[in-house]
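Please look at the sequence and the model first.

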Amino acid sequence: FAAFRTYGFRRASMEDIARRAGMSRASIYLKFKNKEAILSALVQRYFDDAVDKMTAALDAADDPADALAGAFAVKVAAPFDALMTSPHGEELMDAKITVAADVAAAGEARIVEVLADWLGRAEGKGIVSLEAYGSAEQTAATIYDALHGVVMSARDYDVLLADLDRLATLIGQGLRPARS
């Protein structure tokens with residue numbers, strides 16, 4: 001990741017990657033066929049970590065806005081913050097979409113599943129109401145689309161965090177059951 005962040009995907013060489021990893025180039029090739037495979041592995045690791053941390057954040061709060069704020073914050077935590085401050089961040093996001101498209105799509109689908117599972121459990125506990133929004137799966141997909149839109153339009157990490165808090169509040173308040 002450090003080599004890609006420093007040099008960009010196109011300019012980073014296997015030698016750069018090996019040096020940053022504290023390994024020989026030959027050792028890198030024993031595990032990875034090329035830098036595309038390395039990027040795919042990094043994207044996979046990012047989504048594995050994001051899914052675990054988002055699940056924990058959603059389960060840690062009883063208020064929907066707080067749960068979503070926590071989940072959104074961990075989705076864009078390290079290494080996402082470092083990606084945003086890299087002069088090659090946009091190129092790396094594009095590479096994620098082109099080079100690791102299948103891994104990214106599967107990771108995004110897993111995040112939607114995490115959101116849907118949480119929504120279903122939270123509805124069962126009376127913490128949220130999906131009555132006006134459709135199924136947990138439909139609502140989760142809409143939440144993820146909104147999250148993805150905010151993330152992809154961000155140009156500053158601190159502004160992104162504030163925007164995600166705002167989004168979590170908007171969605172969380174809308175999900176709260178009506179009080180009679």
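**Questions on the model**

Thr139 is found in helix H9 (residues 136-153), where helices are DSSP runs of H or I with at least four residues, and strands are runs of E with at least two, numbered from the N terminus. This is a predicted model, in which local features need pLDDT of at least 70 and side-chain atom pairs pLDDT 80 or more, while totals for chains, interfaces and linings use all residues. Residues are numbered from 1 along each chain as its sequence is written, and side-chain values use heavy atoms, without hydrogens and water.

Me: Is Thr139 buried or exposed?
Reply: Buried means under 20% relative accessible area, exposed over 50%, and partly exposed in between (1.4 Å probe, protein chains only). The relative accessible area of Thr139 is 6%, so Thr139 is buried.

Me: With which residues is Thr139 in contact, leaving aside its neighbours within four places in sequence?
Reply: Contact means heavy atoms within 4.5 Å. With those neighbours left aside, the residues in contact with Thr139 are Leu119, Leu130, Tyr133, Gly134 and Leu175.

Me: How many aromatic pairs does the structure hold, and why is the pair of Phe4 and Phe9 classed as it is?
Reply: Rings of Phe, Tyr and Trp (its six-membered ring) pair if their centres lie within 6.5 Å; planes under 30 degrees apart count as stacked, over 60 as edge-to-face and the rest as tilted. The structure holds two aromatic pairs. The ring centres of Phe4 and Phe9 are 5.3 Å apart and their planes are at 40°, so the pair is tilted.

Me: Which class does the pair of Tyr46 and Phe47 belong to?
Reply: Both Tyr46 and Phe47 are buried. Their ring centres lie 5.1 Å apart with the planes at 75°, so the pair is edge-to-face.

Me: Which residue lies over the face of Phe9?
Reply: A charge sits over a ring if NZ of Lys or CZ of Arg is within 6 Å of the ring centre and within 35 degrees of the ring normal. Phe9 itself is buried, with a relative accessible area of 7%. At 5.1 Å from its ring centre, over the face of Phe9, lies Lys35.

Me: Which residue does a cis peptide bond join to Ala78?
Reply: Most peptide bonds are trans. Here the bond is cis, with omega about 5°.
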